[in-house]
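Let's take a walk through a two-stop tour. Get your selection tool ready, and we'll go from one stop to the next.

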Amino acid sequence: MQRQLANMKQTLFDQGYLDEQFIQLEELQDDANPNFVEEVVTLYYRDSARLIQNIEQALEKSPLDFSKLECLMHQFKGSSSSIGAKRVKSECTQFKEHCRVGNADGCKRTFQQLKKEYATLRKKVEVYFQFARQIGPVEKACRSK
Amino acid sequence: MAVEDIGSGCSSSGDQEFHVLAVDDSIIDRKVIERLLKISLTAVESGSRALQYLGIDGERSSLGFDELKVNLIITDYSMPGMTGYELLKKIKGSTKLRKIPVVIMSSENILARIDRCLEEGAEDFLMKPVQLSDVERLRDFMLRGGEDREVVGCKRKTRDDSCSSSVLSCDRDHPLSPISVSAMAHCKPISKRSRLLATD
């Protein structure tokens, strides 16, 4: 079971969904804070929902307010970076680039891609957490990196 | 007031406990920094809230200065309303607060920004996402006053004749002076620079 969990995590890393920041978060988890990573990730989901909604609304305006969009995306990039959401973060970077050069189509295209990456990440991370919960405290004792 | 007072159970018991004020508009980053520092910490979401907490916003303050117990301020740079740099300037411009060390965090590795903050009196500049190794360095700096008193005392004597107290027992009458802190920060310019320049 443990190996399966480790493999799942390794796959998430190999496929570029997560980076070492996720490991940093896991290292902060201990007996006193056994659900730290899930708590942070839950906060991330809530914050992301807010940002996605705001960005969506901003993208419906005409003409686009690129500086506002860039500011919203900067926040999204920051929180994605804080949990190690590598692919989402990379889409955020691309989006910001489009904002910088005033490319409205680029922004809209990249945003669709970003939402897909975000949805995929959520699904995969949820599966990972569910599996980790099933294994329970034993996993914490021999967590492989 | 959106202030999260985390783990400050014993902060009213006197001058012994080190207390940090963390300022960041991201709720995720506030949670992470609190867990990283593993120390008595108050987290606020903006510069203006920080100034209210510190009692220098001119309108209303949550604590009188006598009760204020902040040994370190760690703040994000990019925040709506007031940036970390503007907050730094306000703190360094206040006679009662300017001796509190301020650390800036940013996700953007912009040398001009870093230099500006350090010139304005920031003790350190950390790249986000903040990692355990950054916190280790901060913790060394926070604890060095207690363990390395002799060394710190010698360094201070070259710049400042008074023997200030250690960081851990930093009380309101003798907070760590910015001169001595800069002396300590200059001990590790290479590691700070190389970490900054190595970031993508």
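Which residues are buried in α2(B)? Select α2(B) and you will find B:Gly47, B:Ala50, B:Leu51, B:Gln52, B:Tyr53 and B:Leu54 buried, where buried means under 20% relative accessible area, exposed over 50% and partly exposed in between (1.4 Å probe, protein chains only). Helices (H or I, at least four residues) and strands (E, at least two) are DSSP runs, numbered from the N terminus.

A word on the model: it is predicted, so local features need pLDDT of at least 70 and side-chain atom pairs count only at pLDDT 80 or more, while totals for chains, interfaces and linings use all residues. Residues are numbered from 1 along each chain as its sequence is written, chains are lettered from A in the order in which they are written, and side-chain values use heavy atoms, with hydrogens and water left out.

Stay with helix α2 (residues 47-54) of chain B: 6 of its 8 residues are buried, so the helix is largely enclosed by the rest of the structure. Now show β2 (20-23), β3 (41-44), β4 (72-76) and α3 (84-92) of chain B, against which the buried residues of α2(B) pack. Step on to B:Gly55, which follows α2(B) and has a positive phi, near 85 degrees.

Next, bring in chain A: 15 residues of chain B are in contact (heavy atoms within 4.5 Å) with 20 residues of chain A. Finally, select A:Glu39 and B:Lys31, which form a salt bridge (a side-chain nitrogen of Lys or Arg within 4 Å of a carboxyl oxygen of Asp or Glu); their closest N and O atoms are 2.9 Å apart.
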